[in-house]
Amino acid sequence: DEETSGKYINFKVQENRWEVDGETFDLKKFLIEPSSIRFGWGKLGAGIPPEWQWWELGQRTERPSEGHKQALSFTMYLKELNDFRDLSTVSVGMMKSFKPLLINILKTKDENQGKLAVIEFKGSESFKIGMGNSRLLKLNQLGWSYVSEAPKKEEPIVKETSEEPLF
């Protein structure tokens, strides 16, 4: 799991901030690797490792237990780190924010072979769920781009798909 490996990204709903590898991170734009997108079930609990059960795309499985919630996972490229981080979540706000975006990426990935989706984060807004609150992230897909080589210490070569730099 990402949090024990030390390399992960997460949105802290209660604190309204992104966290990368345990540190606050000012996220503005990122790339999503389409082949990494997964939907399924997740079970999180204090003191126990997360349990993930991913579906074959388009083939939802039966909920394994009452403790499992709908989950999603994907890998994002962060230009500032010149590296990839995984995000896996069962948060209602994250599901509402990312699910439509991820479904659209999956629908359009074939005509954008080898490219990653360029996503812009424009803040979040609070909303009520039951007795608590969550946050809806404002996300826009700006287009598609490449990271031409596996990340190294040097700057990556990012090839744009239009005249305007997307990322």
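So, which residues touch the most other members in the largest nonpolar core? They are W18, F30, I32, F74, F98, L102 and I105, out of 31 residues in that core. By nonpolar core I mean a set of buried Ala, Val, Leu, Ile, Met, Phe, Trp, Tyr and Cys residues joined through side-chain atoms within 4.5 Å. And buried means under 20% relative accessible area, with exposed over 50% and partly exposed in between, using a 1.4 Å probe and protein chains only.

Before I go on, a word on what we're looking at. This is a predicted model, so to speak of local features we need pLDDT of at least 70, side-chain atom pairs count only at pLDDT 80 or more, and totals for chains, interfaces and linings use all residues. Residues are numbered from 1 along each chain as its sequence is written, and side-chain values use heavy atoms, with hydrogens and water left out.

pLDDT, by the way, is the predictor's confidence in each residue, from 0 to 100. The mean here is 88, and 84% of the residues reach 70 or more. Watch residues 150-157, though: pLDDT is below 50 there, and beyond near neighbours in sequence that stretch has 14 contacts in the model. A contact means heavy atoms within 4.5 Å.

Okay, the overall layout. We have 2 helices and 10 strands, and from the N terminus on they run α-β-β-β-β-β-β-β-β-α-β-β. Those are DSSP runs numbered from the N terminus: helices are H or I with at least four residues, strands are E with at least two. Of the 167 residues, 42% count as buried. If you take contacts with a separation of 6 or more, residues 24 or more positions apart account for 58% of them. The protein exposes about 9,600 Å², and carbon and sulfur atoms supply 48% of that; the areas come from the Shrake-Rupley method with a 1.4 Å probe, and for residues only the protein chains shown count as cover.

Helix α2 gives the most, with 7 residues. Apart from this core lies another one, of 5 residues, among them L31, Y77, V118 and V147.

L102 touches I32, I37, F39, L72 and F74, leaving out residues up to four places away in sequence. W18 sits in strand β2 and is buried, at 2% relative accessible area.

Now the hairpins. Strands β9 and β10 run antiparallel and are joined by 12 bridges; for two strands to pair, DSSP has to find at least two bridges between them. One example is F121, whose bridge partner in β10 is L139. There are 2 residues between these strands, and G130 in this hairpin takes a positive phi near 55°. The β5 and β6 (residues 48-54) pair is antiparallel too, with 5 bridges, and there W41 has Q53 as its bridge partner in β6. That hairpin also has 2 residues between the strands, with G47 at a positive phi near 80°.

D21 has phi near 50°, lies in the loop between β2 and β3 (23-25), and is partly exposed at 28% relative accessibility.

Last stop, strand β10 again. A polar atom of the S134 side chain lies 3.2 Å from the backbone nitrogen of G93. Beyond four places in sequence, S134 touches V13, S91, V92, G93, E125, S126, F127 and I129. Further along β10 there's L142, partly exposed at 33%. L142 and K29 are 113 residues apart in sequence but 9.4 Å apart in space, C-alpha to C-alpha.

Definitions and conventions: A polar contact is a pair of N or O atoms within 3.5 Å; within protein, one must be able to donate a hydrogen and the other to accept it, and residues adjacent in sequence count only if both atoms are side-chain atoms.
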